[in-house]
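Let's take a friendly walk through this model, one region at a time. Have the sequence and the 3D view open as you read.

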Amino acid sequence: MTSLAARTRECARTAATDAVRAHARDLVALSHSLHAEPETALREHRSAAKITLLAEDAGFDVTRGVAGLPTAFVATHGSGDLVVALCAEYDALPGIGHACGHNVNGAASVGAALGLAAVAERLGITVKLIGTPAEEDIGGKALLLDAGAFDDVAAAFMVHAAPEDSVGAASLAVGAWDVVYTGKPSHAALAPWEGVNALDAIALAHTAVGLLRQQLPPGVLVHDVVFEAGHAVNVIPETARARYELRARTTEDLAHARRRVQACLEAAALATGAELELTEHGADFADLRQDEFLTAAYTRAARALGRDPVDRRGEVMASTDMGNVSHVLPALHPTIGYDTEGARHHTAPFARYGNSPGADRAVIDAAIALAHVGVDLATDPAQRRRCLDQLADRRAATVSPCVNSRPQP
């Protein structure tokens, strides 16, 4: 790299950092406000409004209700050919609030967008802040991807709150079914033989899947929860409702697991005489594939801030709809750590630390580090060209009606 290019990069990093720090009070306040008013999937109306108002005040053009999702949005700044997306999450978990730290995730992405907006013109980039609801449920990113929200994006970044800093991990592909068995009610004492017991069907399905687990390959997991299985003890249950969730290391393994589990669910219907209705719940999440250049750039930026991310390449974390994005374009999804005294994701104790001083520092550090990744990508001619070439290839491929924007299991 020439000394002029190096100076350009360093000046842009400094300007982006200054812009993030200038908004630090607003970013921490946003994180705290999201944390104080947790909203679950597709109900994040106040959360989305808080973020979009902040983006508009910073000069972003905002489009709300993207892809028919009322709490999704796109906010853009700049007009360069290299479009860089920051994915903002802000949905919480039912009953336990921001137990996955999405208030930190979302505020960090907003901060990174503000930092990059300050250097967008000089770097020839467009900053695209994409509000991605329902990560904990139906997969907002996957739906937005299918709807074209990422069609002009060359690379996409975000961080995820965690008890530690890490880079490079993969994630499990995940898919879910809503399951309904419909039987026939009858009096449980006077004429049980006239009934078709939907509870029996759900019990058989649960048992069959439990037996199947021995034959499932490593990394394949199946979870289920029963929502309804009758209402009166003296009535043969007419309806039973459940949700089955499957996880696997790859989308291919997920597809195989789906076939095996579906056979168990169908067998339960056959054995009891109940009717089975299977409905896919939201989008399948693909396994996460993190970009090597973006990961290296983030690692450098985090270390410059006094952090030391653990290299988790070759390891697998839970699941994220960022995996779908990563199958289509270069993507980054490290974790940003703060002390939770041993509490892990999806627990009430973890949620309690989401507005701690450590979490506040994580918001600002992550915003700066992500902004630096954007600067590094924009100022590295070879990497910039790589991402733009991949974007051109994607656009060319969409000419064919046979090409789908999301990997199919």
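## Around Val180

Setting aside neighbours within four places in sequence, Val180 is in contact with Thr239, Ala240, Arg241, Glu275, Leu276 and Glu277; contact here means heavy atoms within 4.5 Å. Val180 itself sits in strand E9, residues 173–182. Helices (H or I, at least four residues) and strands (E, at least two) are DSSP runs, numbered from the N terminus.

Val180 and Ala201 are 21 residues apart along the chain, and their C-alpha atoms are separated by 9.7 Å.

## About the model

This is a predicted model, in which local features need pLDDT of at least 70 and side-chain atom pairs count only at pLDDT 80 or more, while totals for chains, interfaces and linings use all residues. Residues are numbered from 1 along each chain as its sequence is written, and side-chain values use heavy atoms, with hydrogens and water left out.

## Helices H7 and H8

Two packed helices are described by the angle between their axes and the distance between the axes. Axes are lines fitted to C-alpha atoms, for helices over the stretch in contact, and angles run from 0 to 180 degrees between N-to-C directions. For H7 (residues 198–212) and H8 (residues 251–272), the angle is about 145 degrees and the axes are 8 Å apart. Their crossing is right-handed; the term applies if the near helix is turned clockwise from the far one by less than a right angle, and left-handed if anticlockwise.

Which residues make the contact? H7 brings Asp200, Ala201, Leu204, Ala205, Ala208, Val209 and Leu212, and H8 brings Arg260, Val261, Cys264, Leu265, Ala268, Ala271 and Thr272. By class, eleven are nonpolar, one is polar and two are charged. Ala, Val, Leu, Ile, Met, Phe, Trp, Tyr, Cys and Pro count as nonpolar, Asp, Glu, Lys and Arg as charged, and the others, Gly among them, as polar.

## Helices H2 and H3

The axes of H2 (residues 24–36) and H3 (residues 45–57) come within 10 Å and cross at roughly 170 degrees, so H2 and H3 are roughly antiparallel to each other. Angles under 35 degrees count as roughly parallel, over 145 as roughly antiparallel, 65 to 115 as roughly perpendicular and the rest as oblique. Asp26, Leu30, Ser33 and Leu34 of H2 meet Ser47, Lys50, Ile51 and Leu54 of H3. This contact has four nonpolar, two polar and two charged residues.

In the loop between H2 and H3 you will find Leu42. Its phi is near 65 degrees, a positive value in a residue other than glycine. Leu42 is partly exposed, with a relative accessible area of 29%; buried means under 20%, exposed over 50% and partly exposed in between (1.4 Å probe, protein chains only).

## Helices H12 and H13

H12 (residues 357–379) and H13 (residues 381–397) pack at an angle of about 90 degrees, with axes 5 Å apart, and are therefore roughly perpendicular to each other. Leu377, Ala378 and Thr379 of H12 make the contact with Pro381, Gln383, Arg384 and Cys387 of H13. Those residues divide into four nonpolar, two polar and one charged.

## His346 and the cysteines

His346 lies in the loop between strand E16 (335–337) and helix H11 (348–352). Phi of His346 is near 65 degrees, again positive in a residue other than glycine, and His346 is partly exposed at 40% relative accessible area.

How many disulfides does the structure hold? There are zero, a disulfide being a pair of cysteine sulfur atoms within 2.5 Å. Cys11 is partly exposed at 46% relative accessible area, whereas Cys264 is buried at 11%.
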